[in-house]
Amino acid sequence: MIRRNILLNPGPATTTDTVKMAQIVPDICPREKEFVNVMREVEDGLLKIVHADSSEYAAVLFCGSGTINMDICLNSLLPDNKQILVINNGAYSSRAVEICEYYGLSHINLKFPPNEQPDMRIIEQTLREHPDIAIVYTTHNETGTGLLNPIREIGRLVHRYNAVFIVDTTSTYAMRPINVADDEIDFCMASAQKGIMAMTGLSFIIGRKAIIEASAEYPKRSYYCNLYMQYRYAQEHGEMHFTPPVQVIYSVRQALKEYFEEGEQNKWARHLRVFHAIKKGLKELGFKIYISDDNEAGLVVAALYPDDENWDFQKIHDYCYDKGFTIYPGKISGMGMFRLCALGAIDQEDIEAFFVVFREALALYNITVPVKYVE
Ligand SMILES: *Cc1c(COP(=O)(O)O)cnc(C)c1O
């Protein structure tokens with residue numbers, strides 16, 4: 001028996017016991033054909049989740065957390081004398097800007113307010129004025145707030161200006177349905193511990209083969225984190241270039257099996273059910289939600305700290321944590337917020353059980369309910 005914790009943090013997610021146990025396998029050298037076959041099965045499943053045609057797209061696997069994908073896409077896909085446009089309305093696109101700064105990549109940090117969708121006219125104007133933009137980068141669901149970016153509209157614009165569109169889909173992949181062709185995505189990415197509900201340690205980029213192949217000629221800015229090198233090795237040998245996270249890959253294989261058993265639409269309906277249960281519970285307690293209904297991605301709820309002198313996030317967190325529920329602080333500096341997320345192998349009843357515990361915590365620490373805000 002493994003204790004079942006309900007993780008409402010933005011990843012890693014609650015997993016099924018069958019996924020946890022899938023890691024317990026006989027020791028195997030990852031260079032064996034038996035393991036190469038597991039890798040192929042995983043790559044096929046990862047492509048299928050976003051309806052990517054394997055003649056046009058490849059799934060390239062890396063050992064690392066999700067940020068490795070961002071690093072790799074940005075450092076590997078920029079031709080000489082070109083620049084990157086980052087459409088930035090949150091913490092994760094800001095991280096992409098930081099990566100550009102660390103590598104000294106020429107870029108434009110196009111900032112928009114963190115609680116609104118970006119202004120398409122400004123994006124278009126920027127593309128028009130800077131014909132040297134080769135890459136446009138944005139985040140599908142800004143996990144810090146739960147803001148949805150309109151990737152299909154942005155992608156259409158990006159392609160009209162002949163740039164490559166990279167989307168950080170780490171917090172939507174395998175949850176909110178994505179179709180790489182319809183959504184105009186050239187590159188997207190995620191990690192095993194988020195939407196597919198497997199273990200931490202494997203990340204993957206799904207991208208257009210023709211663009212990866214063209215990048216063979218681009219400046220090399222990293223050795224370990226180079227997309228073309230990893231892609232070419234996998235094409236030739238069916239393996240990762242260096243040691244893969246073997247046991248995690250077995251958990252991913254099981255998680256993919258469970259993903260396809262549940263089905264894209266059913267799974268998305270379940271995440272939405274969880275999301276709405278979270279919003280309902282918070283609203284009943286009077287909490288203000290940071291992102292408006294028409295801008296939300298349906299997976300993360302960021303609630304503002306109430307103006308109550310007894311409010312202490314850490315104490316509430318600790319009370320809930322002891323009862324098996326993990327809640328998470330917010331990510332906008334200068335604003336007191338906490339987040340409850342709808343990813344993972346959980347359903348509406350888990351959220352109802354959570355709110356019983358959360359209410360107990362509010363009562364224990366004498367926080368007035370419904371919570372109060374000074375206007
Ligand atoms: C989780 C996440 C990442 C990756 O974060 P790691 O801590 O490196 O796993 C990247 N982008 C988004 C949008 C995320 O939600």
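## Close-up views of a predicted chain and its ligand

**View 1. Contacts and overall dimensions of the chain.** Among contacts (heavy atoms within 4.5 Å) between residues at least 6 apart in sequence, 73% join residues at least 24 apart. The model is predicted, so local features need pLDDT of at least 70 and side-chain atom pairs count only at pLDDT 80 or more, while totals for chains, interfaces and linings use all residues. Residues are numbered from 1 along each chain as its sequence is written, and side-chain values use heavy atoms, with hydrogens and water left out. The chain holds 12 helices and 14 strands; helices (H or I, at least four residues) and strands (E, at least two) are DSSP runs numbered from the N terminus. The C-alpha trace spans about 65 × 55 × 35 Å along its principal axes. Of the 375 residues, 58% are buried, meaning under 20% relative accessible area with a 1.4 Å probe and protein chains only.

**View 2. Residues around the ligand.** The shell has 14 residues, of which S65, T67, T143, D168 and K194 come nearest; a residue is near the ligand if one of its heavy atoms lies within 4 Å of it. The shell divides into two nonpolar, nine polar and three charged residues. In this grouping Ala, Val, Leu, Ile, Met, Phe, Trp, Tyr, Cys and Pro are nonpolar, Asp, Glu, Lys and Arg are charged, and the others, Gly among them, are polar.

View 3. Polar contacts are pairs of N or O atoms within 3.5 Å. Polar side-chain atoms of S65 and K194 each lie by a ligand oxygen atom, at 2.5 Å for S65 and 2.8 Å for K194. A side-chain N or O atom of D168 is 2.6 Å from a nitrogen atom of the ligand. The ligand alone exposes 390 Å², and the protein buries 87% of that; areas come from the Shrake-Rupley method with a 1.4 Å probe. Helix 3 (67-76) and helix 4 (91-103) are the elements that give two or more residues to the shell.

**View 4. Helix 8 and its packing.** In helix 8 (residues 227-237), L227, Y228, M229, Q230 and Y231 are buried. The buried residues of helix 8 pack against strand 2 (57-63), helix 3, strand 9 (187-191), strand 10 (202-208) and helix 7 (209-214).

View 5. At the N-terminal end, N226 caps the helix, with a side-chain oxygen 3.2 Å from the backbone nitrogen of Y228. After helix 8 comes G238, whose phi is positive, near 70 degrees.

Terms used:
Polar contact = N/O pair within 3.5 Å; in protein donor to acceptor, adjacent residues only side chain to side chain. Buried < 20%, exposed > 50% of the residue type's maximum accessible area, 1.4 Å probe, protein only.
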